Amino acid sequence: MIPTESNRRILNFPAVHPSESISPATLLTSLINLANRICSYRSHRFTSNKRNARECIRFVSIVLDALEEFGGSGSDLPDAVVLGLSEMHLTFQKMVYLLEDCVREGCRLWMLMKSELVASYFRGLVRSIATALDVMPLDVLDVSVEVKEMVELVMRQARRASFEAEAEDQVAVAQVSSILDRFAAKQVNSIMDQCRSRIDLDESDLGFVIEYLGLEKWSECDIEIKFLNAELGFQNLNLDSADVLLISSLIGLMCYARVLMFDVVDEQVKPMFQTGSGVTEAVLSNLNADDFRCPITLEIMSDPVTVATGQTYDRSSISKWLKSGNSMCPKTGEKLTNLDMVPNHALKKLIRQYCAENGICISEPAASNKGDVKKTVFPGCAAAEGALKRAATYLVVKLSCGRSAERNKAAFEIRLLAKSSIFNRSCLVEAGAIPHLLDLLASVDPATQENAIAALLNLSKFVRSKSVIVEYGGLSLILDVLKMGMKVEAKQHAAAVMFYLSSIDEYRQLIGETPDVIPALVDMIRDGHKRGQKNALIAVFGLLMHPDNRWRVLKAGIVPLLLDFLQSPDTAELSSDCLPVLSILSETPDGTFSILRIGGLKLCAQALNSCISKTAMEYCVSTLLNLCLNGGRDMVGILASDGSLIGSLYSVLGDGTTRASRKASSLIRMLHEFHERSPSSGPRPAPASTMPQDHYFVHAW
């Protein structure tokens with residue numbers, strides 16, 4: 001019955017009434033335990049509402065003495081006393097939650113800004129205790145006079161206690177509001193303006209706020225930012241627009257404070273996708289994009305919801321289905337007992353993390369972007385815009401003229417900021433961060449080089465940054481890191497940058513024509529770690545979108561590597577990245593020759609028979625179809641001799657994507673036509689005079 005810390009939202013108190021069947025002795029024991037837990041908060045540090053929290057704990061400690069004496073009455077407590085204890089139990093639960101929030105790591109700034117609301121909660125809870133005591137007939141209890149006097153004292157003091165917002169908190173809130181107002185009003189006109197103004201305004205005012213909140217380290221400030229981001233992104237919120245704007249402003253303020261106030265990054269938090277969901281990499285490694293596709297549209301869901309039958313769909317697609325007059329579950333065919341759509345928050349977090357880790361873009365519902373600094377090129381409010389622009393400009397100053405340690409920290413801060421939102425990327429690009437980051441790629445310090453290339457990776461996801469990287473000669477510098485980076489992680493990031501740059505068609509051609517880029521990517525596929533191999537594979541896939549790059553990729557010797565990955569159990573997780581590359585390469589005669597020459601037909605057929613991913617099925621079928629179209633009748637005959645293949649193709653017809661179904665249908669038709677024209681079960685080899693390269697076809701199976 002004692003509440004435990006959970007993933008609940010801040011200032012949310014999911015307390016429950018004790019069961020009516022609970023025995024008075026058990027209820028009293030639980031209530032005493034709750035009171036002891038509340039009193040244990042005496043040793044905690046309260047950033048805001050200090051006196052209110054201490055006073056509340058004092059009241060409970062007095063009540064605790066009375067409760068312990070009540071325990072002598074055992075199970076003979078009157079109903080009126082049990083009722084009062086039950087109401088007090090509910091109040092104590094809420095008080096534990098409130099005190100837990102007051103000392104919770106990461107939410108000091110938010111609790112400060114909500115200090116008036118928190119004070120009113122303390123006031124209401126203490127008065128609820130007084131009300132619960134008031135209904136208890138103490139005269140019928142066998143308790144001492146001293147206890148009765150203590151209870152009466154608590155009731156009198158509780159009714160008189162004001163529990164107003166404390167003066168020190170109000171001063172700090174006013175200071176925060178003043179800083180936000182100046183962020184909103186003041187636009188940085190130049191780097192020199194930033195340098196001149198920051199010492200007079202920023203360090204003194206921000207220093208007061210940081211000191212009041214007790215933030216002594218960079219990591220503590222970073223945790224505050226993570227909490228605010230989680231609060232802003234929480235989907236089951238009923239926040240009004242004022243709260244949304246306030247949180248956006250506070251994120252900007254804390255980002256600026258983290259940049260400006262702390263010279264040392266005391267905890268190098270992994271700057272990849274951060275989540276508070278507790279999802280591990282082990283869980284994500286067992287998932288693929290098909291696990292996140294809507295059964296109706298077969299597209300990755302951006303807003304998954306669960307209907308009455310327990311099936312999950314994307315909100316927009318199931319809404320259209322229902323609005324068209326359908327009352328059946330599209331997947332099960334069952335009649336929906338109600339039309340409720342319950343948001344699947346856990347799945348949504350998984351989808352976002354998976355897509356972020358794998359460079360997959362998903363569409364967001366238009367309404368969800370409103371006021372959200374994380375998802376658009378707009379910051380959500382003027383204060384956030386001013387704070388983040390100032391932070392970006394300050395970081396560029398440090399990149400351009402700071403000492404070695406300062407430049408490394410600035411690159412690390414840019415790495416984090418660029419990871420968290422589109423707007424931050426826009427600010428950093430406009431402030432001129434990219435040329436300085438490119439200069440740092442030649443640094444002799446491994447950490448600086450890694451932070452610089454990671455920052456460029458995050459910035460390269462922004463459209464305008466791609467042209468800046470290329471215009472400032474970034475391709476050759478990134479290639480140097482790809483080939484000779486001092487850390488494995490730096491090489492992996494360099495491969496990922498190549499992938500994002502290859503999203504622009506003219507850059508695909510330029511990258512392909514740059515000597516050593518494609519060979520370097522293939523070398524990483526051959527010898528790199530799994531993350532680097534995945535990054536290099538998707539980079540090659542992007543480059544293959546330009547037809548002239550296909551012969552270059554083939555020349556680099558990628559096909560044997562891909563086929564080795566398909567048949568090796570140690571690299572099974574890379575097969576989903578190998579199949580798209582094989583599919584594109586098989587579209588050309590040269591690619592078909594390279595694949596068939598070393599037994600690729602058999603391996604692709606085996607891959608299709610073992611595929612569980614719809615996307616992988618599509619690429620397998622596409623590759624097999626291309627090999628048959630380019631390889632001739634004998635390849636069709638070889639496939640026709642595999643009795644298990646036709647079953648897999650029919651499975652694709654029923655369960656695959658629309659494109660996969662069309663290709664599977666074409667391949668099935670080719671196999672049927674072969675059987676109709678060739679009654680014998682075995683394939684007939686082509687005459688040597690008409691098939692100069694028949695030796696590789698013989699070994700293809």
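**Figure 1. Surroundings of Ser503 in the predicted model.** Apart from neighbours within four places in sequence, Ser503 makes contact with Lys466 and Arg508 in this predicted model. Ser503 belongs to the loop that connects helix 21 (488-501) with helix 22 (505-513). The relative accessible area of Ser503 is 42%, and the residue is therefore classed as partly exposed, since that class covers values between 20% and 50%. Along the chain Ser503 and Leu543 are 40 residues apart, and 8.3 Å separates their C-alpha atoms.

Figure 2. Ile179 is a residue of helix 7, which spans residues 167-185. Its relative accessibility is 5%, so Ile179 counts as buried, the limit for that class being under 20%. When neighbours within four places in sequence are set aside, the contacts of Ile179 are with Asp205, Leu206, Val209 and Leu253. For one of these partners, Asp205, the separation from Ile179 is 26 residues in sequence and 7.3 Å in space, taken from C-alpha to C-alpha.

**Figure 3. Contact of helix 31 with helix 33.** Two packed helices are described by the angle between their axes together with the distance between those axes. For helix 31 (residues 633-640) and helix 33 (residues 658-677), the axes come within 9 Å and cross at roughly 95 degrees. Helix 31 and helix 33 are therefore roughly perpendicular to each other, because angles of 65 to 115 degrees are placed in that class. On the side of helix 31 the contact is formed by Arg633, Val636, Gly637, Leu639 and Ala640, while helix 33 contributes Leu667, Met670, Leu671, Phe674, His675 and Arg677. Sorted by class, the residues of this contact between helix 31 and helix 33 are seven nonpolar, two polar and two charged.

Figure 4. Three strands form an open sheet in the order 2-1-3, and their pairing is antiparallel. Strand 2 (312-314) and strand 3 (342-343) are the edge strands, each of them pairing on one side only. Strand 1 (residues 304-306) and strand 2 run antiparallel and are joined by three bridges, and Val305 stands opposite Tyr313 of strand 2. Helix 12 (residues 315-323) lies across strand 1, strand 2 and strand 3, and runs at about 95 degrees to strand 2.

**Figure 5. The whole chain and the confidence of its prediction.** The chain contains 34 helices and three strands, and 53% of its 701 residues count as buried. Among contacts in the chain with a separation of 6 or more, 75% are between residues 24 or more positions apart. The mean pLDDT of the chain is 82, with 83% of the residues reaching 70 or more. Confidence is highest in helix 17 (residues 433-440), at a mean of 97, and lowest in helix 34 (residues 694-698), at 34. Over residues 1-5 the pLDDT stays under 50, and for this stretch the model has 19 contacts beyond four places in sequence. The pLDDT is also below 50 over residues 195-200, a stretch that has ten contacts in the model beyond near neighbours in sequence. Where pLDDT is low, the predicted coordinates should not be read in detail.

Definitions and conventions. Residues numbered from 1 in each chain as written. Predicted model: local features only at pLDDT ≥ 70, side-chain atom pairs only at ≥ 80, totals over all residues. Heavy atoms only, no water. Axes fitted to C-alpha atoms, helices over the stretch in contact; angles between N-to-C directions. Helix = DSSP H or I, 4+ residues; strand = E, 2+ residues; numbered from the N terminus. Parallel < 35°, antiparallel > 145°, perpendicular 65-115°, else oblique. Contact = heavy atoms within 4.5 Å. Nonpolar A, V, L, I, M, F, W, Y, C, P; charged D, E, K, R; others polar. Pairing = 2+ DSSP bridges. Buried < 20%, exposed > 50% of the residue type's maximum accessible area, 1.4 Å probe, protein only. pLDDT = per-residue confidence, 0-100.
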